[in-house]
Amino acid sequence: MTEQTPAPKLEIRIIPVTPLQQNTSMIWSTETKEGVFVDPGGEVDKLMQAADHFGVKIVGVWLTHGHLDHVGAAMDVKERTGCPIIGPHKDDQWLLDEVEASGARYGIRDGKNVQPDRYLDDGDELDLAGNKFGVAHCPGHTPGHVVIYHQDGALAFVGDVLFRGSVGRTDFPRGNHQQLIDSITGKLWPLGDQMRFVPGHGPMSTFGQERQDNPFVADVVTGYNGTERGDADEMLQRLSKRYT
């Protein structure tokens, strides 16, 4: 007899929403069919249709940060399901209070201001049907940005901190480039090279891949070398700074 591979305990689908094509993630337990939306940025009908299609009962909304394209549908999901809104860190409440005003500037009319039921702090733990997720406070793109990760499944939801081949913008109000780089090297890289991540926009990647060739945070640029920090390439560092 051959051993059968155990069925996965979690499933995930990535659903791009809004004209900004933000990656909303729907993740759920294969055992209980309970699930959450991570960063439901808009198009609530599309999101709820996906939940219905897979038979998922939405029991939570998890937010990485307060920008419109990541939170615009959070209140609508809560109103339809009764689920709590969890995250981001309290330092992003000023953005959550401006969702409707920000949407008007971008021609996005369905976003609603958000009041979370619970803020997240560094080191917090989230639970989805017995599956544990960690929380890392990663400011830089916004002051209250968090990353939510599942260590056993080697999967992280990084919002707009990190992308395939790039990093989050820091020219928005209260952004800080060096703080962003420190968040990536100090909070994300220690989670392991094997960690796959879902960014706020664009394709997935792994932390190991970005350490090799991301022009903003590759080890040769930052000087990161595990617990030891080596010498960074100062010229590459200057060239890699993202001002736009």
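This briefing describes the sheet, the helices packed on it, and the cysteines of one structure. The model is predicted. Its open sheet has 5 strands in the order S1-S2-S3-S4-S5, and the pairing is mixed.

**Strand pairing**

- Strand S1 (residues 10–17) and strand S2 (residues 22–29) run antiparallel and are joined by 8 bridges.
- Within this pair, Ile14 has Ser25 of S2 as its bridge partner.
- The hairpin formed by S1 and S2 has 4 residues between the strands, and Thr18 adopts a positive phi near 70 degrees there.
- Strand S2 is also joined to strand S3 (residues 34–38) by 4 bridges, again in an antiparallel arrangement.
- Opposite Trp28 stands Gly35, a residue of S3.

**Helices on the sheet**

- Helix H1 (residues 44–54) lies across S1, S2, S3 and strand S4 (57–62), and runs at about 155 degrees to S1.
- Helix H3 (residues 74–81) packs on the sheet and touches S3, S4 and S5.
- The direction of H3 makes about 150 degrees with that of S4.

**Cysteines**

- A disulfide is a covalent bond that links the sulfur atoms of two cysteines.

Conventions:
Residues numbered from 1 in each chain as written. Predicted model: local features only at pLDDT ≥ 70, side-chain atom pairs only at ≥ 80, totals over all residues. Heavy atoms only, no water. Pairing = 2+ DSSP bridges. Helix = DSSP H or I, 4+ residues; strand = E, 2+ residues; numbered from the N terminus. Contact = heavy atoms within 4.5 Å. Axes fitted to C-alpha atoms, helices over the stretch in contact; angles between N-to-C directions.
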